[in-house]
Amino acid sequence: MYADAAMNYTGLLIGLATFLCIGIFHPLVIKAEYYFGRRCWWGFLLAGILLLAASLAMRNVYASIILGVLSCSCFWSILEIFEQHHRVRKGWFPMNPKRKGDYLQSEGSHTSSKRQ
């Protein structure tokens, strides 16, 4: 419309970066649960904390925002690891045959079985 009007692409670029982060973390969670099971949640926690610290230390606002999005994606992935485990138990995703025992336990059986 106006020759002097400049478009601001910042929101679009950050939105695209967020979309890509979500798109990358979706298969990452599936693969992580398949190969490592629920015990890999601490890896996402550690990565999230490190990315959060990096985001806070960044002087460049765009890098800080993208690192913050990556950090929050890691934190969200902790929940998704456990949800993915339930989806595998329901048969919605393939089970790792090397870890069948992880899926055969009942929901509340984190402790040893009761004595009779």
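**A nonpolar patch on a helical chain**

Helix H2 gives the largest share of the nonpolar patch, eight residues. This is a predicted model: local features need pLDDT of at least 70, side-chain atom pairs count only at pLDDT 80 or more, and totals for chains, interfaces and linings use all residues. Residues are numbered from 1 along each chain as its sequence is written, and side-chain values use heavy atoms, without hydrogens and water.

Reader: What makes the nonpolar patch a patch?
Author: Nonpolar side chains (Val, Leu, Ile, Met, Phe, Trp, Tyr) are joined within 5 Å, like charges within 9 Å. Here Trp41, Trp42, Leu45, Leu46, Ile49, Leu50, Leu52, Leu56, Phe75 and Phe82 make a nonpolar patch of about 970 Å². Accessible areas come from the Shrake-Rupley method with a 1.4 Å probe; for residues, only the protein chains shown count as cover.

Reader: Which helices each supply at least two residues of it?
Author: H2 (41-57) and H3 (61-89). Helices are DSSP runs of H or I, at least four residues; strands are runs of E, at least two; numbering starts at the N terminus. The protein chain has four helices and zero strands.

Reader: Why is tryptophan 42 called exposed?
Author: Exposed means over 50% relative accessible area, buried under 20%, partly exposed in between (1.4 Å probe, protein chains only). Tryptophan 42 has 55% relative accessibility, so it counts as exposed. Tryptophan 42 sits in helix H2.

Reader: What percentage of the protein chain's residues count as buried?
Author: 26% of its 116 residues.

Conventions: Patch = residues over 30% accessible without salt bridge, like charges linked within 9 Å, V, L, I, M, F, W, Y side chains within 5 Å. Salt bridge = Lys/Arg side-chain N within 4 Å of Asp/Glu carboxyl O.
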